[in-house]
Amino acid sequence: MDHITLGRSDLRVSRICLGSMTFGEQNAEADAHSQLDYALERGINFIDTAEMYPVMPRAETQGSTERHIGSWLKKSGQRDKVVLATKVAGPNPHMHWIRGGQHNLDEANIRAAVEASLRRLQTDHIDLYQLHWPSRNLPIFGASVFDPQKERPSVAIEDTLAALGKLQEEGKIRHIGVSNESCWGVTEFIKQAEMKGLPRIATIQNLYNLTARHFETSLLDETCYRAEVSLLAYSPLAFGQLTAKYHDNPKAHGRLTIFPPNWSPRYVRPGVLEAVGHYAKLARANGMTPAQLALAWCYTRWFVASTIIGATTLAQLKENIDAYSLRLPPDMVAAVDAIHARLMNPGQ
Ligand SMILES: NC(=O)c1ccc[n+]([C@@H]2O[C@H](COP(=O)([O-])OP(=O)(O)OC[C@H]3O[C@@H](n4cnc5c(N)ncnc54)[C@H](OP(=O)(O)O)[C@@H]3O)[C@@H](O)[C@H]2O)c1
């Protein structure tokens, strides 16, 4: 497994990061521990979680994912072997179970979130602390058009950075990152940090997969390259769609058939299924599984520092890590780009 340095930080992480949002909803604590053990055996040292996990988010389960990771850290004694990333939830009135739904990115909320995560994770510091989604109005989670009518009061980026700076000084967090951010956001975070001597973001955690390549077409690739902000690509299999299991059998068991159909509509649009059909055909014609093609694609893009993979079972995790050794020949890359040119970003 190769490793890479994140942004201008001193964090050295594996090119695959173990995502965790299945832990505590789609699988149990023992499964989480087996996945963590296995990932470390395979050279992965990077774990991503969030205060709101597991997904799908519910009052009854919130925090279980961090608790399962925390019990593993304690049991395994491997805290110093891993780079631990978690996130504070941005504003969302539907998630009233997180600080009464008032979880905006101000000092009081961020401090409360960090302290609760540290308790659940059974550690005294978080290596990478990320803002799960912005405080301000921005099209995210499947919305793609900026709408000024949706403007709302938000916490100034400078104030959020100042709050994070205090937690850094106290040693509770080491480095910071953003998630579900835009070019404007990245630029503003860097500008405020440099102008006011506040912490500098090292990473951006955004959606990136064969059906959602917005990172390349929105100038985020150039912005992050010049700003030295590393991309952590999430949902590389588009919630499992890119394995083609739902294409082959619409009733296949998995997240997209067990969660409510309207919960994550971006992954079930007709254009996604059409694109998946073409990518699956290309993969199989070249002796790969559709999942291998989709993951090898993310693993080998120059701007992806680390790909955050997710798995329900150990067998899925193994297939996904094994795909790291695959390289796509130039004619396959060209064929992928040809499909993308016809069916651009249906899952964005
Ligand atoms: N910042 C954010 O807003 C954000 C958003 C999403 C995710 N993330 C992070 O990114 C991580 C990965 O995201 P993701 O879970 O959406 O990734 P993904 O790779 O798009 O989907 C993973 C899911 O696909 C299915 N799957 C995976 N490998 C498979 C295989 N080999 N064969 C068949 N099915 C397979 C499994 O679900 P089933 O068993 O249900 O089919 C698995 O849980 C998360 O854990 C989280 O840490 C962050």
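Mentor: Terms first: helices (H or I, at least four residues) and strands (E, at least two) are DSSP runs, numbered from the N terminus. This is a predicted model, where local features need pLDDT of at least 70, side-chain atom pairs count only at pLDDT 80 or more, and totals for chains, interfaces and linings use all residues. Residues are numbered from 1 along each chain as its sequence is written, and side-chain values use heavy atoms, with hydrogens and water left out.

Trainee: Okay. Where is the place of Q130?

Mentor: Q130 sits in strand β6.

Trainee: Buried or exposed?

Mentor: Q130 counts as buried because its relative accessibility is 0%. Buried means under 20% relative accessible area, exposed over 50%, partly exposed in between (1.4 Å probe, protein chains only).

Trainee: What does Q130 touch?

Mentor: Leaving out residues up to four places away in sequence, Q130 touches D48, A85, T86, K87, V88, G177, Q205 and L232. Contact here means heavy atoms within 4.5 Å. With D48, there is a side chain to side chain polar contact at 3.1 Å. A polar contact is a pair of N or O atoms within 3.5 Å; within protein, one must be able to donate a hydrogen and the other to accept it, and residues adjacent in sequence count only if both atoms are side-chain atoms.

Trainee: And A143, where is that found?

Mentor: A143 is in the loop between β6 and α4. It counts as partly exposed because its relative accessibility is 41%. A143 and Q348 are 205 residues apart in sequence, yet 7.9 Å apart in space, C-alpha to C-alpha.

Trainee: On to α4. Which of its residues are buried?

Mentor: I157, T160, L161, A163, L164, G165 and L167. Their cover includes α3 (107-121), β6 (126-131), β7 (173-179) and α5 (183-196).

Trainee: What follows α4?

Mentor: G171, with a positive phi near 80 degrees.

Trainee: What about T312 and the ligand oxygen?

Mentor: A polar side-chain atom of T312 lies 2.6 Å from an oxygen atom of the ligand. For R255, a backbone N or O atom lies 2.6 Å from a ligand oxygen.
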